[in-house]
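Please read this report alongside the sequence and the 3D view, taking each section in turn.

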Amino acid sequence: MCNYSYSIMQKDFSYIMGGASFFILGVILSNTYRPYIYENHIYDFHLADVIGNLVAVPSLVLLLLALNRYTLPKAVLYSVSVWIIYEILPMGVFDYYDLLATLISGLITYCALRYITIWRS
């Protein structure tokens, strides 16, 4: 019983560290990659514009999975919904690329985590 509890704690810690890593990656890329692309007028297929959306979905999904209250599909659906609502609310510039990046990030996150959970078992 104790070994099972340790396994769950280790998995939760992995999810928390993964979510935090994606968050930190997003902050670093937004503060380094995006300004570099803009300053040098490089066309990168709008990647610099959607970095935040690409890393926000897996970050939130991993943190939700660490809570052990959500299944993978629900965590992905919740995360994508939150970021789409955030994007639609009139807080800044509305961009269709951000919505598309959020959906693509949700799909990639779901497929990657699904593959990892199947591979582990």
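## Leu 65 and its contacts

In this predicted model, Leu 65 touches Asp 12, Tyr 15, Tyr 70, Thr 71, Leu 72, Ala 75 and Leu 113, when residues up to four places away in sequence are not counted. Leu 65 also belongs to the largest nonpolar core, which has 13 residues, and it is one of the members that touch the most others, along with Tyr 15, Val 61, Leu 72, Ala 75, Val 76 and Leu 113.

Helix α2, spanning residues 47–66, and helix α3, spanning residues 72–88, each supply at least two residues of this core, and the largest share, seven residues, comes from α2. In soluble globular proteins, nonpolar side chains tend to be buried together.

## Asp 12, a buried acidic residue

Asp 12, one of the residues that Leu 65 touches, is found in helix α1. Because its relative accessibility is 14%, Asp 12 counts as buried, the cut-off for that class being under 20%.

The side chain of Asp 12 makes a polar contact with the side chain of Asn 68, at 3.0 Å. Leaving aside neighbours within four places in sequence, Asp 12 is in contact with Asn 68 as well as with Leu 65 and Ala 66.

## Pro 58 within helix α2

Pro 58 is found in helix α2, and with a relative accessible area of 6% it is buried. Apart from residues up to four places away in sequence, Pro 58 touches Phe 22, Ser 105 and Thr 109. The C-alpha atoms of Pro 58 and Leu 107 are separated by 10.0 Å, although these two residues lie 49 residues apart along the chain.

## A nonpolar patch on the surface

Phe 23, Ile 24, Val 27 and Ile 28 form a nonpolar patch on the surface, and together they have about 380 Å² of accessible area. Val 27, one of these four, lies in helix α1, which covers residues 2–39, and it counts as partly exposed because its relative accessibility is 37%.

## The chain as a whole

The secondary structure comes to four helices and zero strands, so that, from the N terminus on, the elements run α-α-α-α. Taken along the principal axes, the C-alpha atoms fill a box of roughly 55 × 25 × 25 Å.

Of the 121 residues in the chain, 30% are buried, while the chain exposes about 8500 Å², of which carbon and sulfur atoms supply 71%. Among contacts between residues at least 6 apart in sequence, 54% join residues at least 24 apart.

Technical notes. Residues are numbered from 1 along each chain as its sequence is written. This is a predicted model: local features need pLDDT of at least 70, side-chain atom pairs count only at pLDDT 80 or more; totals for chains, interfaces and linings use all residues. Side-chain values use heavy atoms; hydrogens and water are left out. A nonpolar core is a set of buried Ala, Val, Leu, Ile, Met, Phe, Trp, Tyr and Cys residues joined through side-chain atoms within 4.5 Å. Buried means under 20% relative accessible area, exposed over 50%, partly exposed in between (1.4 Å probe, protein chains only). Contact means heavy atoms within 4.5 Å. Patches are made of residues with over 30% relative accessible area and no salt bridge: like charges are joined within 9 Å, nonpolar side chains (Val, Leu, Ile, Met, Phe, Trp, Tyr) within 5 Å. Accessible areas come from the Shrake-Rupley method with a 1.4 Å probe; for residues, only the protein chains shown count as cover. A salt bridge is a side-chain nitrogen of Lys or Arg within 4 Å of a carboxyl oxygen of Asp or Glu. A polar contact is a pair of N or O atoms within 3.5 Å; within protein, one must be able to donate a hydrogen and the other to accept it, and residues adjacent in sequence count only if both atoms are side-chain atoms.
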